[in-house]
Amino acid sequence: MQTSSTMKALIFLSAIFALTASAAIKFPQEWVDWKTTHNKLYEEELEELHRLTVWQANQKFVNAHNTYAYKFGYTLDMNEFGDLTGAEFARIFNGYKMQEPFNDTKFYEPDTSVSLPATIDWRQYGVVTEVKNQGQCGSCWSFSTTGSVEGQHARKTGQLVSLSEQDLIDCSSSYGNNGCQGGVMDYAFRYMIANNGDDTERSYPYEMRKGNCRFNQNNVGATIRSYHDIPRGSESSLKSAVGSVGPVSVAIDASHSSFQFYNGGVYVEPACSSTRLDHGVLVVGYGTENGQDYWLVKNSWGTNWGENGYIKMARNRGNQCGVATQASYPIV
């Protein structure tokens, strides 16, 4: 009995200590406001304390960058990813897997007789769907794939149809893709060719996880018959394809905190690699801003990131971030 009473007393005292310690913690108002804005909830106090520490480090980085934004040419923002370290962010959201071209891959050959526009934005031609959100799933490759197919289908038929990323996630594993664990746009193109299409977004909505394949031929939104790769590393060929063909799927190095917190302007990251690529996106145009050439790139992290879901990436800067290293588009 004495032992039992002692244990109860210890448990009671421990509970009182925990409550007292919890009440003593006063989180910074700026952190509280950020959590409210982005609907952040943490199950345990220790987890929140850890996330606060990460957030403060990221905030320091963002503020330091923005102090000298005039030198960098772009700004950063403490967006919804502010409580994630760079490594965590890359692991969760960047799902592109490097690959070598297949032996039968066809390469795009620029038509030198075609006069390219000085600037182009395919959104203005009604061939680009709304910015989508992949959530906490490394399925960027599927969004890049649907984006380029949507564009080519719209250009050919005059109908802009939102296509299913979930179809590609669930059904293209045998072609080399691995759902939320990453994939390759060319693999997805091959699946679509063999499968005779991809279902519509409405009939096969996104679930942010890999499930059983439920492809239905009756719900196909678009088909493709082939695809072309852009000659590796050639920004001039990429410009020719974007300027004359339409939106193009590309892979980039998005592993840097500057990309994670990008807010606006022409993005230049000296540490970017042109060979270690980890994120699939869609080039929907190009232009020049304040004397700096850029690629207009559609991302799949929702409209709260970047410029309403888009980023202007430096163009003609030595294949910055590998934008022209593994580019391709479908033939409808």
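Me: Before I look for holes in this thing, what counts as a cavity?

Reply: A cavity is a set of grid points where a 1.4 Å probe fits but cannot get out. Keep in mind that this is a predicted model. Here, the structure holds 1 cavity of 30 Å³ or more.

Me: How much space lies in the largest cavity?

Reply: About 100 Å³. Its lining is made of 15 residues, and those closest to the centre are Phe143, Ser144, Lys298, Asn299 and Ser300.

Me: Okay, and which helix gives the most to that lining?

Reply: That's H6, with 6 residues. Look for H6 at 140-157; strand E9, at 279-289, also supplies at least two residues of the lining.

Me: What classes of residue does the lining of the largest cavity have?

Reply: You'll find 7 polar residues there, along with 4 nonpolar and 4 charged ones.

Me: Let's switch to helix pairs. At what angle do the axes of H2 and H3 cross?

Reply: When you read a crossing angle, 65 to 115 degrees counts as roughly perpendicular. In this model, the axes of H2 (residues 29-37) and H3 (residues 45-67) cross at roughly 100° and come within 11 Å. The two helices are therefore roughly perpendicular to each other.

Me: Which residues in H2 and H3 meet?

Reply: From H2, pick out Glu30, Trp31, Trp34 and Lys35. They meet Glu48, Arg51, Leu52, Trp55 and Gln59 in H3.

Me: And how many nonpolar, polar and charged residues does the contact of H2 with H3 have?

Reply: Sorted by class, the contact has 4 charged residues, 4 nonpolar residues and 1 polar residue.

Methods:
Residues numbered from 1 in each chain as written. Predicted model: local features only at pLDDT ≥ 70, side-chain atom pairs only at ≥ 80, totals over all residues. Heavy atoms only, no water. 1 Å grid on protein atoms, 1.4 Å probe; cavity = no way out; pocket = protein on both sides within 12 Å on 5 of 7 lines; lining within 4 Å. Points joined across faces, edges and corners; volume = space filled by probe spheres on them. Helix = DSSP H or I, 4+ residues; strand = E, 2+ residues; numbered from the N terminus. Nonpolar A, V, L, I, M, F, W, Y, C, P; charged D, E, K, R; others polar. Axes fitted to C-alpha atoms, helices over the stretch in contact; angles between N-to-C directions. Parallel < 35°, antiparallel > 145°, perpendicular 65-115°, else oblique. Contact = heavy atoms within 4.5 Å.
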